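Please look over the chain shown here before reading on, and keep the model open while the paragraphs lead through it.

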Amino acid sequence: MAPSAITETVTSTLALKGQEKPAAEAVQQTAAEGKEKTPLEAISHGILMPGIPTFPTYTEHRRHILVHMAATFRFFARSGFCEGQSGHISVRDPEFPGFMWMNPLGRHFGMLTAGDMICLEIATGKIVGGNTSRPANAAGYLIHSAIHKRRPGDIHAICHAHSNAGRAWSVFARPLEMLNQDVCNFHNAHAVYAQYGGIVFGAEEGERIAAALGAANKGVVLLNHGLLTVGATVDEAGFMFGLLDRACDIQLRAEAAAAAGIQKNVISDEEAAYNFRMASEPNALYREAQPDLEFEFEAAGGEDVVARGFENLGPLAAP
C-alpha cells in the first residue's frame, strides 16, 4: 500500500576526494520533521535536483523557453512524431501572457532552433513578432488559442502531434487504463475527445477540443486524430506527450495479449492516485524532461546550436 507520508530527513555531507564539501542547504532534503517531502525531495538521494528555473530578465526567460521548445521538437523528431506538416507546440510568452510562441509551418521538427519560432496574439491570431519568414499552422492556432484562453492560469505550453501509437489507440475512443507506474501521471487527468470533425479549419472544432480537455486534465486522446498534452512548462508538456504516446503503445500491446485470454492486472485507484500525487507535479515533470533535452543539446553540438537565431528574432509588438 502507498505510504500516507514520507518523513525521513536525509542529509549528505560526503565529498569526493579533491572536491569541496557541499553546502548544507544544497543537500537538505526535507523541511520540518513530519512534513511530507516534495516529489523532487522524495526522488533525490543526496543533493536535491533543481526544479523549474527562474530568470532575472524576460529576455533570458524567453531564450530558455524557446531553446527548450526547439529541443522538445528535436525529441519529437527522434521519437518519430513527425507527419508532414502536422503537429505543433505553443508556449506562452513570459512577459506578455496574451502572446504565444509557435513553430513555423513546414519546417522539420529535427531542424528547429529558437530562432525559427513565431509569436502570435492568442486572442486574435495576429503575428506580433519572432521569425516571420514562414507562416504558422492555422489549425494549430485555432486549437492552441482555444485552450490557452480557457485555462490561462495553469497552462503555459501545449503539444500536439500525430504519433503512431496515439492515432492507433484513438480509434477506440477509450481512456487509458493504469497498467503501469508511469501512466499514473495521467490518473484521472486525461480525457477522450470522442468526435472527429475533420482538419481543424474552424474555431468551433478548437473550442470543442478545449472543452474536452476540461478544467484540470493534462492530456486528451483525439478520436482518429492524435494526442494533445499540456503543462506549466514546455518541458512538462513535451515529456507528458512522449509518456502518453508510450502509454498508448503499451495499452495496445496489453489489449492484444488480453484478446488471447491473458488477464490484465490494473493498478488500484488508491495506488494510482498516490503515484500521481508524488510524480505528476510541475517541478518533477520539468525535471523528467531534462535527460531527453540534454541529449538533444549534446547531439546538436551544444545548447548554443539549438539557440541559433534567437538574437535575430523580431521585437514583440507590446499589447
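The model is predicted, and local features need pLDDT of at least 70, side-chain atom pairs count only at pLDDT 80 or more, and totals for chains, interfaces and linings use all residues. Residues are numbered from 1 along each chain as its sequence is written, and side-chain values use heavy atoms, with hydrogens and water left out.

The largest nonpolar core has 52 residues, a nonpolar core being a set of buried Ala, Val, Leu, Ile, Met, Phe, Trp, Tyr and Cys residues joined through side-chain atoms within 4.5 Å; buried means under 20% relative accessible area, exposed over 50%, and partly exposed in between (1.4 Å probe, protein chains only). Leu66, Met69, Phe76, Ile89, Trp101 and Met117 have the most contacts inside this core. Helix H3, strand S1 (88-92), strand S2 (99-102), strand S5 (157-161) and helices H5, H7 and H9 each supply at least two of its residues, where helices (H or I, at least four residues) and strands (E, at least two) are DSSP runs, numbered from the N terminus. With residues up to four places away in sequence not counted, Ile89 touches, among others, Met69, Phe76, Trp101, His144, Ile158 and Val234, contact meaning heavy atoms within 4.5 Å.

A second, separate core of 24 residues includes Tyr141, Ala146, Val200 and Leu213. Two of these residues, Ala146 and Val200, are also in contact with Gly206, as are Leu142 and Ile143, when neighbours within four places in sequence are left aside. Gly206 lies in helix H6 and counts as buried, because its relative accessibility is 0%.

The structure holds 1 cavity of 30 Å³ or more, a cavity being, on a 1 Å grid over the protein atoms alone, a set of points where a 1.4 Å probe fits but cannot get out, with lining residues having an atom within 4 Å of a point. The volume of the largest cavity is about 40 Å³, where grid points are joined across faces, edges and corners and a volume is the space filled by probe spheres set on the points.

How many salt bridges does the structure hold? There are 16, each a side-chain nitrogen of Lys or Arg within 4 Å of a carboxyl oxygen of Asp or Glu. Glu296 and Arg78 meet in one of them, at 2.7 Å from N to O. This pair links distant parts of the chain, with Glu296 in helix H9 (residues 282-300) and Arg78 in helix H3 (residues 58-79), 218 residues apart. Glu296 counts as buried, at 4% relative accessibility.

Glu177 forms a salt bridge with Lys264, their closest N and O atoms being 2.6 Å apart. Glu177 lies in the loop between helix H5 (164-170) and strand S6 (190-193) and Lys264 in the loop between helix H7 (234-259) and helix H8 (269-279), so the pair ties together parts that are 87 residues apart in sequence. Both partners count as partly exposed, Glu177 at 23% relative accessibility and Lys264 at 25%. Together with Arg174 and Glu255, they are linked in a network of salt bridges.

Conventions
On a 1 Å grid over the protein atoms alone, a cavity is a set of points where a 1.4 Å probe fits but cannot get out, and a pocket is an open set with protein on both sides within 12 Å along at least five of seven lines; lining residues have an atom within 4 Å of a point.
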